[in-house]
Every structure is written in structure tokens, then in C-alpha cells.
Number of protein chains: 2
Amino acid sequence: MSNEPATEPRWLSDEEQYAWQCYLHATTLLEDHLDRQLQRDAGMPHVYYGLLVQLSRAPRRRMRMTELAQNAKITRSRLSHAIARLEKNGWVRRENCPSDKRGQNAHLTDEGMRVLEKAAPGHVAAVRAAIFDRLSTEQIGQLAEICQVMTEGLQPQGADLPWLR
Amino acid sequence: MSNEPATEPRWLSDEEQYAWQCYLHATTLLEDHLDRQLQRDAGMPHVYYGLLVQLSRAPRRRMRMTELAQNAKITRSRLSHAIARLEKNGWVRRENCPSDKRGQNAHLTDEGMRVLEKAAPGHVAAVRAAIFDRLSTEQIGQLAEICQVMTEGLQPQGADLPWLR
DNA sequence: GGAGAGTTATTTAAGTTTTAACAACGCCGG
DNA sequence: CCGGCGTTGTTAAAACTTAAATAACTCTCC
């Protein structure tokens, strides 16, 4: 077993390097932008908002911690902290899972639902303004396609597909 | 001056919503992946690595703090902390700016350069494996184009273009 | 049934990021 | 020259994330 690179590393071509710069700039700017927008208008960062969205779409607004973490692409640890905070806000409550004594369900409260409904229009508007009102229909399809390919390569091996929709 | 939305919010279409999910998943997975890869192989997160890259490309491996922050798309505060950490590692050193007594130059040390050179091949390989070896030439162009459009809408108004390359 | 292995969720500590406030300096106009 | 205003970079405190360790529970297999 050896660690040295099998060959001279294949560097990025000019086009690739350029695309990579563009990608990094765009994604960090967007994430920052959405974080600020939501922090200002809803009092929480983007990831936390995403958790509420997930819960709002789940049956009975409840979801097991692990499932929620997987859907949101975050670690269980991070989720624990996040839910603790959201619980303090009164937007989520924890419940013991009846079928598995280890388990917890995160439950979006009515108040959490209200907060979400109040924040959603502004958030959608921000997302629109940053992306979908700027791209052609064609480009939106291309973006989805590209991101799918990326995800395939990054998804932990054997992650249970189908993973979206 | 009123705050209510002028009209019913325009929600995302199915295609847009799908693309948005794909985007969020792909970008968070990639960022996590690169963070882990670099943490493991180079002892620093992706953003910090990006700072070293910027410095390595600058004349005399030096750059003013504000300029570095702008290029890396992070706040000056965040940069201060980051440079403090990198300085502790011996990879960067601060120097007073001769022309402006308020200013500081971040200087990539020889040791920092070695760390960077050692980490670069693995990092490029990871980026390749996640993106560029999976996308067609056409898609790479599309990605760059899309990210450019996004960036245009997010760049702080009047940011001094031309901003890349 | 029970040992061993895997799963679920949390906790602790360390590291990172954000926000707001601040000190120090440069620049411009009177 | 000097007062006001903008800039540069840092800092303190709070918030957030990560990594590793842990307690409690389930599952598998004999």
C-alpha cells in the first residue's frame, strides 16, 4: 500500500479552473446572501429554515431525527444542536418515538408553522431573484442535471435512492 | 412604505423546485466532502486552503487583508480569525504595510507553501472526482455560465468589475 | 435468552463564524 | 492644520459546527 500519487497530478484546464472559480464564488455568495436574508427576516440561518421546511412537508409534521438529518444532508450531531435551538424558540418539539425507544421525533409546532409561512414568501423571492429569474428554462434544466451528476458522485455509497422528490 | 408582498408570492415551479433541491444537495455535499478531505490531508478546512491558494498566486506571496477577504468572499473579521490560526501554524505571517500604517499584509511562508504544494494534488483529485471528471465539456461551460449569472445578481452593488480571472 | 454488533440520539470540548463595537489611521474640505 | 468621515483590521461575545465519546436501545445469531 503506497500513498504517493500514481502519476503527475492532472491539474485543471483553464476552462475547468475558471468554472471552478465561478462555482466557488457563486455558491458562497448565495449561501451568505440567503443566510443573511433569513437571519434578518426569520431569525434563523438557512440550514435551520431547511429543517422547518422538511418537517412541514412530512406526514403529521413529524420526522425521525436520523431521517431528517439525512434529508437535510447534515450530521445527527448538528441536527441535535439545531433542534435544541429550534425547540427553545418553540418552533419544534421533541417526542419519544413509540416504536423505538431510542428514537425521537421532531415535530413542527403550530407556532413554527406560522413562522415558516411568514418567512417563506421572502425566502422564495430571494431565491428567485438570485437564480430562477435570471436563468433561462434551459439553464435551469442544465443546472439540475449537473447537480444530479455531482450528487451521484458524492452520495455515500449505497445511500438509499431514490433520494429526491 | 409598506412591507406586505405586492401580490401573491410567485412560488417555484416543479422544475424550479426540483432544480433547487438538487442544487442544495449537491453544493452542501461537495462542500462537506472537500472540507473533510482537506481537514484530513492538510489539517485545515476548505476556506483556509483557499486563502493559501490566493496568497500563493499573489505577487511576492503577499496580499492586503481587505483584498484577500474580498477575493475569498469572506468578511474581514472572519479573515482575521483565519489568519490568526494560520499564523499559529506557521503557514502565514503578518507584516505591517509600509504605505498604510493601518494595513497588514498576509504573507505565505515557505512552510505554508510546502503545505500547500503537498495538499494540492489530493485536493485537485477530489475536485476532479466530484465534478470535472463527471461532467462533459459542454456541461462545464454551462456551469460556468450559470454561476456567472448568479454572481452578477449577488455581487454587492457596484463591486469593482472585472472581478474574475 | 443473551453476547456481540450495530443503531439512535445526545453531549462535551474544541474550532469556526457571525455580529457589533472599537481603535487607529487616511483623506478631504474648510 | 484640523474636524469629520470613511477605511483598515482587530476583538469580544454569542452562535454555530465538528469530532469523538457515550448511554440507551435494537437486532442477529447461536
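Which side chain meets that of A:Arg64 in a salt bridge?

1. The side chain of A:Asp100 meets that of A:Arg64 in a salt bridge, at 4.0 Å from N to O, the term standing for a side-chain nitrogen of Lys or Arg within 4 Å of a carboxyl oxygen of Asp or Glu. This pair links distant parts of the chain, 36 residues apart, with A:Arg64 in strand 1 (residues 62-64) of chain A and A:Asp100 in the loop between strand 2 (92-96) and strand 3 (104-108) of chain A. Over all chains, the structure holds 18 salt bridges.

2. This is a predicted model, in which local features need pLDDT of at least 70 and side-chain atom pairs count only at pLDDT 80 or more, whereas totals for chains, interfaces and linings use all residues. Residues are numbered from 1 along each chain as its sequence is written, chains are lettered from A in the order in which they are written, and side-chain values use heavy atoms, with hydrogens and water left out.

3. Chain A and chain B each bring 60 residues to their contact, where contact means heavy atoms within 4.5 Å. Between them the two chains bury about 6,000 Å², with 70% of it on carbon and sulfur atoms; buried area is the accessible area (1.4 Å probe) that two parts lose on being put together, summed over both. Of the area that chain B buries against chain A, 11% is supplied by B:Tyr18, B:Trp20 and B:Leu154, more than by any other three residues.

4. Four salt bridges are found across the interface of chain B and chain A, and B:Arg128 forms a salt bridge with A:Glu16, in which the closest N and O atoms are 3.1 Å apart. The elements giving two or more residues to the side of chain B that touches chain A are helix 1 (14-42), helix 2 (46-57), helix 5 (110-132) and helix 6 (137-154) of chain B, helices being DSSP runs of H or I with at least four residues and strands runs of E with at least two, numbered from the N terminus. Helix 1 of chain B gives the most to that side, with 21 residues.
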